[in-house]
Amino acid sequence: MPSLLQKRWHGYQTVWMFLLQLLLVIFVSFYNWILGLVALCLVGALAYFMLQAERRFRKELVKYVTDLTYRIKRVEGEAIGRLPFGILLFSDDRVVEWHNHYVAGVFGKDTVVGQPLPELLPSLPFPARDKKDIKPGKHTIEVVAGGRYYELSVDHEERLIYFHDITELALLRERYENERVALGIILLDNLDEAAQGMDDQQRTALIARVAQAITEWGKQYRIYLRRLSSERYLMILNQRSLNELEQSRFVILDEVREMTADLKVPMTLSIGLAFGTERFSELGELAQSSLDMALGRGGDQAAVKAGQRLSFYGGKTGAVEKRTRVRARVIAHALRDLMQESDRVIIMGHRMPDLDVIGASIGVMKAADMYKVEAHIVLDESNPGIERLMERIRQEEPLMRRFISPEQALGMMTPHTLLVVVDTHKGSITMEPRLVDVARRVVVVDHHRRGEEFINDAVLVYLEPYASSACELVTELLQYIHEKVELSPLEATTLLAGITIDTKHFALHTGSRTFEAAGFLRRMGADTSLVQRVLKEDLQEYIAKADIIKHARMIHNHIALAVTEENRKIPQLLIAQVADTLLNMTNVLASFVISERPDGLIGISARSLGSMNVQVVMERLGGGGHLTNAAVQLEGTQAEAEQKLLAVLDEFEKEEGLFE
């Protein structure tokens with residue numbers, strides 16, 4: 001009971017009143033003791049009745065408070081049971097101890113008391129011993145039960161869960177997400193090549209067949225299509241349709257290719273899609289960027305940019321070789337102008353350079369020499385793959401002086417220096433990534449399929465996936481960059497060696513322009529016998545390759561997989577050579593080699609004959625490369641890397657098949 005009510009009777013005012021009455025009784029008794037005695041009796045009677053009245057008040061007050069407490073508790077219990085949200089209490093053992101009627105309705109049962117909470121809510125995280133990353137405290141999650149959406153506010157310290165029905169909000173949010181707009185561009189990426197030799201009527205009939213297939217495909221997936229030209233379409237669709245397209249893995253790519261399979265060069269499509277922003281201008285830019293990405297990877301595929309996610313679909317065929325060299329001439333003239341505007345040219349390739357990097361670098365350096373622009377090649381250290389060629393280059397003192405270290409290159413960089421990156425388009429794997437960051441102007445010359453990482457601020461990009469090598473691209477540029485090209489026999493030989501090594505002695509990735517480039521270099525004095533000496537294998541390396549090959553086994557009928565012995569470190573070059581050798585085996589369409597490298601990472605080299613896109617397999621693991629040549633480096637053990645690779649191969653087999 002509040003102290004205010006307890007002190008209401010014997011407060012100071014009551015005490016002073018009785019003291020005053022006693023003084024008056026004493027005063028009256030001096031004059032008349034009988035009258036004083038009567039007054040004293042009256043005061044005593046008054047005090048008695050006041051005490052009785054106080055006792056009755058307290059008794060009635062206690063009774064009133066007790067009744068009120070009982071009513072409040074009864075109403076409180078009923079109110080909690082009928083709250084428009086759920087309350088659930090659980091024990092330390094995650095067993096339901098109590099809940100209101102709302103929770104029973106959520107699970108469609110009369111009661112769930114005594115049932116384990118992980119069985120009722122499997123998606124609910126707990127700060128358990130096996131989940132130490134979940135700290136005790138309060139957090140909110142969404143669950144679906146009985147076809148409705150609920151927001152659960154969990155307090156692990158109080159062992160309390162609140163249930164809030166957010167079905168209307170969730171459905172509205174889902175509808176908003178499904179109806180968000182996505183933009184796309186469809187391009188017939190090899191119309192000129194597919195229609196080669198056709199007259200106007202046949203060309204028009206071919207375009208009409210493809211247009212009909214695209215239109216029917218658009219109707220099936222509720223896509224608005226607008227034809228912008230004979231080879232380009234605009235797509236407008238929503239998120240729901242985009243999800244369906246991704247689930248179908250853009251079947252239109254295979255349909256168009258198969259319906260034109262009777263042509264000398266089948267027709268292929270490239271699709272760029274963008275989603276995730278509200279501004280249409282930005283969507284259009286992202287869609288064009290996605291299309292450029294698809295084309296940069298060789299075409300015949302779809303690239304989807306959704307926020308930070310970039311996904312690729314298709315890409316089972318190799319890039320189609322272009323019939324004209326118009327682009328090579330335009331790039332050559334642009335590179336000439338950039339060189340003439342520069343105080344010097346720095347040329348750099350990827351880490352662990354191969355013959356393609358050295359040959360392409362020397363070719364670009366020669367182009368700068370034609371216009372008397374100082375040029376240098378960045379080389380950190382040699383490796384077994386280029387050592388024989390570097391021994392021959394060291395005999396040519398003027399040429400050897402042009403090779404500099406990354407530190408020297410950083411000291412030479414000025415705002416007017418031109419950096420040329422060859423045989424890669426990823427700044428992170430260049431020989432010195434700091435040069436890419438420092439350079440104001442960067443030129444990229446590469447033949448690999450474009451990956452998600454790219455040197456986006458490059459002033460000039462010559463990325464042609466159909467080319468066999470960077471040396472082939474540089475050789476073509478040399479023929480247009482100056483009227484009179486002069487190459488020494490050694491310079492021409494290095495370029496030819498780069499083409500030879502990347503084409504496996506002209507057995508893979510070769511087109512008519514590859515042989516034209518090789519013929520030009522031969523006319524410039526390239527020594528084929530020197531190329532053979534440079535590419536000779538060491539006996540011990542050959543024995544090491546054979547030892548790795550003996551551990552190979554066949555998976556998925558046509559894939560050779562070799563995993564080296566544990567604690568045996570193999571150089572990346574040797575891993576790649578083993579993968580190349582396995583392709584020569586009967587009935588092998590693709591090969592994968594897994595081994596620990598000297599730097600402690602686990603290297604996986606992947607090769608194929610073209611019927612399987614090993615690039616997308618390696619990208620799923622975090623690597624990249626080319627349609628028929630790719631790799632990745634992983635942390636962990638060889639067994640873990642093998643399990644990851646096998647899991648990815650199984651995924652591709654289920655999704656769209658491993659082989660074309």
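**Exercise 1.** Work out whether Arg620 is buried, partly exposed or exposed, and find its salt-bridge partner.

*Solution.* Start with accessibility: Arg620 has a relative accessible area of 35%, so this residue is partly exposed (buried is under 20%, exposed over 50%, partly exposed in between, with a 1.4 Å probe and protein chains only). Next, look for a partner: Arg620 forms a salt bridge with Glu655, and their closest N and O atoms are 3.5 Å apart (the term needs a side-chain nitrogen of Lys or Arg within 4 Å of a carboxyl oxygen of Asp or Glu). Then place the pair: Arg620 is in helix α24 (residues 614-620) and Glu655 in helix α25 (residues 638-655), 35 residues apart (helices are DSSP runs of H or I, at least four residues; strands are E runs, at least two; both are numbered from the N terminus). Finally, widen the view: a salt-bridge network links Arg249, Arg620, Glu651 and Glu655.

A friendly note on the model: it is predicted, so local features need pLDDT of at least 70 and side-chain atom pairs 80 or more, while totals for chains, interfaces and linings use all residues. Residues are numbered from 1 along each chain as its sequence is written, and side-chain values use heavy atoms, without hydrogens and water.

**Exercise 2.** Find which elements the salt bridge between Arg568 and Asp547 ties together.

*Solution.* First, check the contact: the closest N and O atoms of Arg568 and Asp547 are 2.3 Å apart. Arg568 sits in the loop between β19 (559-563) and α23 (572-582), and Asp547 in helix α22 (residues 539-549), so the bridge joins parts 21 residues apart in sequence.
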